[in-house]
Amino acid sequence: MNTDTALAPRNRLAGETSAYLQQHAGDPVHWYPWGEAAFAEARRLDRPILLSVGYASCHWCHVMARESFADPATAAAVNEGFIAIKVDREERPDIDGLYQQALQLLRRGNGGWPLTVFLSPQGVPFYGGTYFPREASGGQSALRDVLASVSTVWTERRADLARQDEALIAALSAALPQPTGAPLDPSVQEEAIQQLAVAFDARHGGFGGAPKFPHPTDLDFLLQLDSDIGTPSPRAMALESLRHIAEGGLFDQLGGGFFRYSVDPAWNIPHFEKMLCDSAMLLPLYADAWKATGDGLFRRAAEMTVDWAMREMRSDDGLFCSAQAADDAAGREGGVYVWENAALREVLSPVEWDLCAAHWGLIDPPGFEGKSWHLRVARSAEKLADTFDQPLAAVQAVIDGARGRLLNRRDDRERAARDSKTPTAWNALMVKALAHAGAVFGRSDWLEAARTSFDALRAARWRDDVGGADRLQSLPGIDGFLDDHAFLLDAALTLHEAAPHDGDLAFATQLAEVMLLRFEDDDRGGFFFTAHDALPLFHRSKPALDAATPGGNGVAALALIRLARRTGNTRYVNAAERCVRLFAATVRADPASHTRLLMAARWLDEGR
């Protein structure tokens, strides 16, 4: 027997720094962190791998953990037949992105979190899903049943799995874009607008039905077009969506910031986790919406979002933490944010209650689980001013005063757990948001906050001449990915335009050179998500899809065009053009899902 293996702790997560992995360090499952040790053991024992990917603020990750990974019987089934690996998606977006893409090909459906995938010891996935319950329900198989089925297939149908592995790798390779040489003409932009118009919810704003996400990249694309042509017009779709989102429960009406998504089409009840990236993406849109309309709703949404980020998400080193959990300390989703009627009446005076109960929908039936209220703007201050025959300023003052007292009372509750991780890419999004919004609103304090966080990022994550080359880290000890480089380059240029400092362009140029050196495909164009010298996964991708955050290739192309305009260096615009041409066929096939690349194509046309 190998003495080191025999004496090793069965659950190997205790020494990990990730808050998510620490949450699972006490599980009876014999978790490994991602690494060669896990794969070597899988090869030695000839076992399949159970890969579980999630993050610290993920509600359904916590549910699956309580139901299954903390359950001794389920853990025993995992330990007896599998090598179990736990991954924090915010630490390793490369692993998460690749296996999400693979799952979509295997199941011909969407992925999500928790991500549950079964791999060969070589790392190739052959089956998977997202959340599996402890007991079968609603058409979902129980995790223990899945474990038994996978074990049977692994034992009895190994040749079939090998053929499937080959087909999956071929499909992923075929999905890589191929250069066509054809540029994107303006008609593709019109197709994207039509796609979004078809999906647009004219009643509630946004796109599609429940679960409903805000789609900030789509809204930005429409808002930047600055057009009232069409029915609905691009600007109308963007502004109406932003208005409904700011009035709904997706926006925290007391504390500011945006929740992840809405479980209903009207934005009333959210899934209660808050991710830094979501608010960072929406903040500059509310600044632009206010600039276009002067609507105080948009200004309040922007101001409250910045207040939330500075109050609840900023760490002592000047960086921003990644997320707040959906659950309270007792494991109840939304417990930090929802209200009982009596608790509200304790805080509000009779006059405030009459006004604010109508404003926030407290006179309507409880919307959360039929017994609690989650605040939303059910009746605007303008409408209530007419109803009560009061000046708008007086009505707004009552609402603002009540909001402050309710927030103070809510702060007496134990706050949602915060994931203290500070990813470079998401911090770059917030730096850009603060810089852009600060310039629009003339807020020097927001610009100063953007500069402080930018300087903190450079100090913490940029490494000059490491091993003969400059390096950017995603997190301490983890080399940066494409998004870290592209988003930080974009942020550096936005901050320089809003409040220039000496050295900004020199750093932006240095960062661009590193991105081109370490990520660009010199033969075909475009950028890989992982660096050329990164430890390889079973497939290397080039992300272009705009999802919860924009695709790295689109942001890289846009940032390089901006840098070329600032420096006059045509090398950068040439790299951007190669990138856009590489993805031309991909964008034509689904324009609305690649709006950042569409914007880059438009900028290239405008520069000719």
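**Figure 1. The disulfide of Cys-58 and Cys-61 is right-handed, because the torsion about its S-S bond is about 80°.** The structure shown is a predicted model. A disulfide is a covalent bond between the sulfur atoms of two cysteines. In this bond, the sulfur atoms of Cys-58 and Cys-61 lie 2.4 Å apart. The structure holds one disulfide.

**Figure 2. Cys-277 and its distance to the closest cysteine sulfur.** A disulfide requires the two sulfur atoms to be within 2.5 Å. Cys-277 is buried, its relative accessible area being 2%.

**Figure 3. Cys-579 is a buried cysteine.** The relative accessible area of Cys-579 is 0%.

**Figure 4. Helices H9 and H10 cross each other.** Helix H9 spans residues 186-199 and helix H10 spans residues 216-225. Their axes come within 11 Å and cross at roughly 120°, which means that H9 is oblique to H10. The crossing of the two helices is left-handed.

**Figure 5. Residues at the contact of H9 with H10.** On the H9 side, Gln-189, Ala-192, Ile-193 and Leu-196 take part. They meet Asp-218, Phe-221, Leu-222 and Leu-225 of H10. Sorted by class, the contact has six nonpolar residues, one polar residue and one charged residue.

Conventions: Residues numbered from 1 in each chain as written. Predicted model: local features only at pLDDT ≥ 70, side-chain atom pairs only at ≥ 80, totals over all residues. Heavy atoms only, no water. Axes fitted to C-alpha atoms, helices over the stretch in contact; angles between N-to-C directions. Helix = DSSP H or I, 4+ residues; strand = E, 2+ residues; numbered from the N terminus. Parallel < 35°, antiparallel > 145°, perpendicular 65-115°, else oblique. Left-handed = near helix turned anticlockwise from the far one by under 90°. Contact = heavy atoms within 4.5 Å. Nonpolar A, V, L, I, M, F, W, Y, C, P; charged D, E, K, R; others polar. Buried < 20%, exposed > 50% of the residue type's maximum accessible area, 1.4 Å probe, protein only.
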